[in-house]
Amino acid sequence: MNQDPHQLAGLHPLLAQRASPTAFDPSAAVDDHTLDLLLEAARWAPSAGNSQPWGFLTTRPGEPRHERVTRHLAPSSARWATGAGLLVVTLTRRHVDDSTMTYSEFADYDLGQAVAHLTLQAQALGLAARQFRAFDLDALTEELRPAPGWAIVSMVALGKPAAGPAAPRTRRTIADLRTAPWAPPPQ
Ligand SMILES: Cc1cc2nc3c(=O)[nH]c(=O)nc-3n(C[C@H](O)[C@H](O)[C@H](O)COP(=O)(O)O)c2cc1C
């Protein structure tokens, strides 16, 4: 995996080496135990009030609903997501049933954290994940028909990354993370 030469020494290898591949080995299947471990990692994520406002639809190549998901991929993601050993559609529970009442103010935040846990568990298992939004959300929602209150947010392609050169990864600096949110002090 690629390493940013400016990366601070001491970052945990799972974090330092995680990257989102754009090619997966289509011959590397994700078995049932691995799938359970990935969802187990998501299950133990923290959430506001322990509301756990996340849901997942998983599918692997050859399974009946795989094509029902992949047919809604954008051309950009279809190039690499179709060959991934596992596709996960992520859902958040934003509302209480059919009402406009917020189920949790932090629903999307909590889902993101659960997915972060899932991606790090994948990394620990020698797999890699690429989260993505390049799919037809309306068509996929129509296809899968989540229950009232639930909304599809993203997808995650997971599997063994295909060999090949890794794309360079860049990040804002720690100083910018600290300063960017604040207006300059008044003169
Ligand atoms: C919510 C979300 C949506 C994303 N959507 C896409 C996408 O539609 N297509 C894509 O190629 N990558 C997508 N990505 C992957 C990001 O581009 C990638 O995480 C980012 O460039 C940083 O690279 P890294 O994960 O290798 O550190 C998405 C990531 C997240 C978290």
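This is a predicted model: local features need pLDDT of at least 70, side-chain atom pairs count only at pLDDT 80 or more; totals for chains, interfaces and linings use all residues.
**Stop 1: strand E2 and its partners**

Now widen the selection to strand E1, residues 54-59. E1 and E2 run antiparallel, joined by 6 bridges.

Is E2 covered or open? It is mostly covered, with 8 of its 8 residues buried. Colour the two faces separately. One side carries Leu 86, Val 88, Thr 90 and Thr 92, and the other carries Leu 87, Val 89, Leu 91 and Arg 93. Both faces are covered.

**Stop 2: the nonpolar core**

Select Ala 84, Leu 87, Leu 118, Val 156, Ala 157 and Leu 158. These have the most contacts inside the largest nonpolar core, which has 32 residues. At least two core residues come from each of helix H2 (32-43), helix H4 (75-81), strand E2 (86-93), helix H5 (107-124), E3 and strand E4 (150-159).

Now centre on Ala 157. Which residues does Ala 157 contact, leaving aside its neighbours within four places in sequence? They are Phe 24, Trp 80, Ala 81, Ala 84, Leu 87, Ala 129, Arg 130 and Phe 132.

**Stop 3: the ligand**

Select the ligand and show what surrounds it. The shell consists of Ala 19, Ser 20, Ser 77, Arg 130, Gln 131, Phe 132, Arg 133, Ala 134, Ser 154 and Arg 169. By class, that is 3 nonpolar, 4 polar and 3 charged residues.

Look for it in the loop between helix H1 (13-16) and H2. Beyond its neighbours within four places in sequence, Ser 20 is in contact with Ala 129, Arg 130 and Gln 131. Why is Ser 20 classed as partly exposed? Because it has 17 other C-beta atoms within 10 Å, a count between the 12 or fewer of an exposed residue and the 20 or more of a buried one. For a distance check, pick the C-alpha atoms of Ser 20 and Glu 63. They are separated by 24 Å, and the two residues are 43 apart along the chain.

**Stop 4: two loop residues with positive phi**

Most residues other than glycine have a negative phi. Select Asn 50, in the loop between H2 and E1. Its phi is positive, about 55°, although it is not a glycine. Asn 50 counts as exposed because it has 7 C-beta neighbours inside 10 Å.

Move on to Arg 145, in the loop between helix H6 (137-144) and E4. Arg 145 has a positive phi too, of about 50°. With 7 other C-beta atoms within 10 Å, Arg 145 is exposed.

**Stop 5: zoom out**

Show the protein chain as a cartoon. It has 7 helices and 4 strands. From the N terminus on, they run α-α-β-α-α-β-α-β-α-β-α. The C-alpha trace spans about 60 × 45 × 30 Å along its principal axes. Of the 187 residues, 25% count as buried.

Notes:
Residues are numbered from 1 along each chain as its sequence is written. A residue is near a molecule or strand if its C-beta atom, placed from the backbone, lies within 6 Å of it. Ala, Val, Leu, Ile, Met, Phe, Trp, Tyr, Cys and Pro count as nonpolar, Asp, Glu, Lys and Arg as charged, and the others, Gly among them, as polar. A nonpolar core is a set of buried Ala, Val, Leu, Ile, Met, Phe, Trp, Tyr and Cys residues joined through C-beta atoms within 7 Å. Two residues are in contact if their C-beta atoms, placed from the backbone, lie within 7 Å. Two strands pair if DSSP finds at least two bridges between them.
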